[in-house]
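I opened the model today to look up a few points and wrote them down as I went.

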Amino acid sequence: MTGKITGISGPTVITDIKGLKLYERVFVGNAMLTGEVVRIEKDRSVVQVYEDTQGLAIDEPVQSTGMPLTVRLGPGLLSGIFDGLQRPLQRLKEESGPFIRGVKELSALDISGKWIFHAVRKKGEQVSTGEIIGYVKEGPFEHYISCPADVKGKIAWIAESEIHLDRPIGVMEDGSEIPGFYDWPVRVPLPYKRKYSPTEPLVTGQRSIDFLFTIAKGGTAIMPGGFGTGKTILDQSIAKFADIDIVVYAGCGERGNEMAELIEEFEMLADPWTKRTLMERTILCVNTSNMPVAAREASIYTAVTMAEYYRDMGLHVLFLADSISRWAEALREISSSLEELPGEEGYPTYLASRLSGFLERAGVVETNSGKTGSLSMILSVSPPGGDFTEPVTQSCLRTSGAFLMLDTSLAHRRHFPAINWFQSYSLYGAELLEHHAEKFMPEWEHALSTCKEILQKEEELREVAEIVGVEGLQDADRLLMHTAEMIRMKFLCQNAYTDDAFSPPARTLSIIKEILDFYKTADEKLKQGVQLDEILNEKKNK
Amino acid sequence: MRLFDHKYGTITSIAGPLLFVHDVMSARIGEVVKVQTPDNRQLDAEVLEIHGDTVLIEVFAETHGLDIKRTSVVFTDSVKRAPLSRDMIGRVFNGSFQPKDGFPMFLPEKWSPIAGFPMNPSARARPVDFIETGVSVIDGLNTLVKGQKLPVFSCAGLPSKEVVAAVLKNARLIGGKEGAREEYTTGHASDFIVVFAALGLTFYEYSFYKRVIDDMQSGFVAFVNMADEPVMERLLAPRFALSVAEYLAFDKGMDVLVIITDMTNYCDALREVSTAREELPGRRGYPGYMYSDLASLYERAGRIRGQQGSVTMLPVVTMPEDDITHPIPDLTGYITEGQIVLSRELHQKGIFPPVDVLPSLSRLMQRGIGKGHTREDHRHISNLLYKYYAKGRDLRRLEAIVGRDGMTENDKEMLNFADLFEREFIQQRAGRRSIIETLDTGFELLKQFKLEK
């Protein structure tokens with residue numbers, strides 16, 4: 001169906017097409033800009049345009065597609081760099097140069113590409129929705145091709161070895177086809193059989209997270225912090241070092257130079273777990289702050305749908321977004337251009353429900369093909385003025401499982417990662433303790449509580465020390481202050497630019513163990529009457 | 001495309017900079033419109049919203065003297081573009097790209113939409129090339145690199161313009177694998193050029209900058225919007241400046257340093273216009289889209305993989321009430337790659353440039369220093385200086401409570417270090433210091449003290 005533009009206001013366009021569906025994708029104007037129907041009235045519809053509307057004129061055509069906004073899912077997404085609407089940025093660069101001007105419709109997947117297919121089901125076998133019929137090798141992974149929705153029956157023909165994505169991979173006896181790729185609506189989570197509670201830790205290589213505030217595979221965490229608190233560096237470190245199969249990184253409304261740095265580094269660096277290049281396990285979905293705002297709103301959905309797609313291969317996927325505040329701001333801009341009633345700080349009242357709906361897409365699941373996969377999420381939040389009482393942080397807090405608060409005063413002292421150890425928490429700690437005790441260190445729980453206790457006591461003593469000076473404290477207290485400093489400087493601090501950027505569990509444990517052992521023996525010696533200065537001198541001479 | 005200009009006399013209402021025009025045929029969003037006033041002036045305007053045949057127009061000039069009957073508007077069927085040519089080098093323009101220096105307009109080589117196009121993130125090159133500003137506290141501790149955007153956060157009454165002038169006079173690029181060998185300064189090479197955008201400047205400030213630019217004898221392009229000139233031009237001038245910068249950088253392969261002062265005036269103009277449009281206000285009355293709007297300027301800094309040329313940006317932000325959490329510095333800090341913060345306390349002590357090292361930061365510094373960029377020991381010296389100074393600053397609070405006599409020897413040393421650091425390293429009255437001099441000064445300072453931790 002085609003119609004005309006009857007009104008334009010910023011990124012919203014009003015059209016006279018009839019018979020549109022809500023959230024249907026439309027093409028707007030002669031330039032064929034992508035838009036989504038956000039409101040339908042009797043004789044007009046409001047369309048949210050995902051691209052720059054400059055130069056769009058009244059009476060230009062609007063075309064409906066009958067489909068919602070979708071992402072294309074199939075082999076070849078890995079190591080791709082996409083924008084918020086899943087346009088492949090590398091190919092876009094080859095076609096239209098270093099600047100994104102007048103956007104063409106480009107398929108996210110290189111459909112002409114060839115793949116080697118290994119069938120696991122044979123001709124004449126009975127298959128139904130969600131069942132795996134075979135796989136192609138995508139980098140180190142087996143990329144499963146499964147039977148799409150609404151297709152079931154006996155296989156009449158199935159491909160062997162070389163396949164092309166634009167041709168069917170299998171044909172059923174009733175004539176229906178199994179394609180190599182398919183399009184899925186971004187706002188609808190991919191289906192799975194059932195969800196489990198997370199039981200396995202996600203090793204990030206960051207000591208303060210792995211030890212103090214463990215995140216679970218399939219869990220969610222948020223990292224709020226004012227500017228300069230190292231959110232992006234921490235995000236990128238986690239993306240580099242996490243013990244995970246696939247990373248989907250959504251650069252949502254952030255800096256272009258940072259993305260350039262990330263891309264260059266990922267192309268060069270190796271995954272510490274598998275030694276292959278990081279890019280091979282990564283999908284980047286980039287919508288920098290100067291790219292269209294409405295596409296920024298869609299970008300996290302685009303990215304998370306791709307993440308779910310790989311989860312369904314039975315893989316562990318980590319979704320990182322930097323930053324979710326920019327997404328919320330995009331939502332606010334769209335909402336205000338639709339003239340909706342604003343809630344707190346101008347954000348729409350559905351902010352909290354959208355966010356919780358989004359965060360619930362994480363989890364450990366049994367996929368339709370019977371495999372177990374997980375999707376974990378770490379979202380950074382940029383609260384204005386570093387004030388955590390603002391709506392985005394508060395809405396995230398209610399649904400996320402871990403809260404890693406990045407502290408401006410720690411950052412000013414160049415304590416990185418600037419995770420505040422008093423305010424942060426992880427709800428997964430208790431469930432993962434058992435796993436930790438079994439796999440890493442039996443006395444994990446004890447070490448953790450001792451460590452927290454020392455840090456807590458230091459805070460109390462610090463106030464006294466500020467008045468009387470450290471020298472005025474008793475030896476036992478001075479020892480505690482000394483140990484706390486060791487914990488802060490040697491254990492919690494981690495320089496992202498040195499080898500220490502990645503700390504495998506063994507190193508994490510040996511450092512904390514060494515510090516706590518020192519504390520224990522020193523404490524015993526103090527009780528036997530040895531002077532603290534002697535103990536410290538002895539340690540220095542070692 | 002329309003074959004001829006559309007002219008309408010069907011204005012139905014005027015409010016501040018906004019005009020409603022009725023019965024308009026096929027208007028374009030963002031289309032340039034000329035408004036002809038009853039006294040035959042011609043004003044620039046732009047299409048903001050379209051509802052059927054009613055069009056909302058925003059005028060980029062003072063709208064006094066307009067009326068409904070005799071004012072007419074002409075639709076030009078094109079979006080706003082900047083004329084570009086090498087000939088604009090050495091020229092001064094106003095916020096509407098009209099010559100301000102008495103010479104005639106140049107002949108444009110090409111026209112480019114002033115909003116620019118977003119750079120494809122996969123085409124960006126990571127900024128790594130060191131720019132020597134000649135200011136120790138920037139070069140040594142908050143290094144600027146090519147393609148970076150590093151704002152100066154100032155407070156009312158602080159010498160931000162002197163700091164900017166020092167950078168303008170002394171900035172030079174140091175290239176080559178060997179580090180500090182080949183170099184060219186703003187004064188010498190034709191490939192390094194300054195694009196200067198002054199927004200809402202007083203005459204006094206303008207004449208100061210004018211002298212600096214005249215002394216530089218190097219390539220520059222200036223856009224000047226004075227404090228008493230139209231507010232709308234404050235929104236245009238930086239976009240013209242950046243279009244020019246992108247053209248010189250990516251079409252002509254030059255290294256461009258863009259200085260915009262003062263972004264606070266820009267944001268206030270944005271708020272004023274947003275209020276006139278009756279948009280929902282966000283924090284402190286600034287529009288909710290201010291982050292995206294600021295990003296559309298700041299993000300135009302950068303480099304392209306496999307291409308010559310770069311756009312580096314040094315905007316000046318005056319923090320209202322000295323408050324770094326105010327929306328303007330806050331949103332700026334979220335977009336830019338670090339910040340140089342000026343401090344009232346240091347200024348009172350007579351230290352110039354009064355840069356407060358602790359909240360200042362250059363995010364891209366790590367890649368631009370060390371072997372092959374500056375000197376091998378740069379990172380080490382800068383970390384130690386920062387650490388001891390931070391400690392010394394911390395101890396000053398303790399000193400205020402217990403007095404210097406009640407402190408340990410080491411703490412006293414630390415306090416002395418902080419004082420000397422401010423007086424010898426940050427303080428830099430006359431002239432530039434090369435990066436080697438800066439690092440040597442820092443090293444000497446560290447040697448004088450036996451500091452334990």
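I began with Thr143(B), which counts as buried because its relative accessibility is 0%, and the cut-off for buried is under 20%. I note here that this is a predicted model. I then looked up where Thr143(B) sits: in the loop of chain B between α1 (136-141) and β13 (144-145). Next I asked which residues Thr143(B) is in contact with, leaving aside neighbours within four places in sequence. I listed Phe130(B), Ile138(B), Gln148(B), Ser362(B), Met365(B), Ile369(B) and His378(B).

I looked up the division of chain B and found domain 1 (6-79), domain 2 (100-129 + 142-367) and domain 3 (378-448). I took the C-alpha centres of domain 2 and domain 3 of chain B and got a separation of 30 Å. In the contact between these two, domain 2 of chain B takes part with 17 residues and domain 3 of chain B with 17 residues.

Interface size is often expressed as the accessible area lost when the parts come together.

I checked the salt bridge of Glu422(B) with Lys349(B), where the closest N and O atoms are 2.8 Å apart.

The domain assignment of chain A gives domain 1 (2-68), domain 2 (112-180), domain 3 (194-427) and domain 4 (444-541). I noted 59 Å between the C-alpha centres of domain 2 and domain 4 of chain A.

Entry 4, a sheet in chain A. I followed an open sheet of 4 strands in chain A, in the order β12-β11-β9-β14, with antiparallel pairing. Its edge strands are β12 (141-146) and β14 (161-164) of chain A, each of which pairs on one side only. Neighbouring strands of this sheet are turned by 45° against each other on average, direction ignored.

I then looked at one pair within the sheet. Strand β9 (residues 114-119) and strand β11 (residues 132-138) of chain A run antiparallel and are joined by 3 bridges. Opposite Ala119(A) I found Gly134(A) in β11(A).

Conventions: Residues numbered from 1 in each chain as written. Chains lettered and ligands numbered in written order. Predicted model: local features only at pLDDT ≥ 70, side-chain atom pairs only at ≥ 80, totals over all residues. Heavy atoms only, no water. Pairing = 2+ DSSP bridges. Helix = DSSP H or I, 4+ residues; strand = E, 2+ residues; numbered from the N terminus. Axes fitted to C-alpha atoms, helices over the stretch in contact; angles between N-to-C directions. Buried < 20%, exposed > 50% of the residue type's maximum accessible area, 1.4 Å probe, protein only. Contact = heavy atoms within 4.5 Å. Domains from an automatic or database assignment. Salt bridge = Lys/Arg side-chain N within 4 Å of Asp/Glu carboxyl O.
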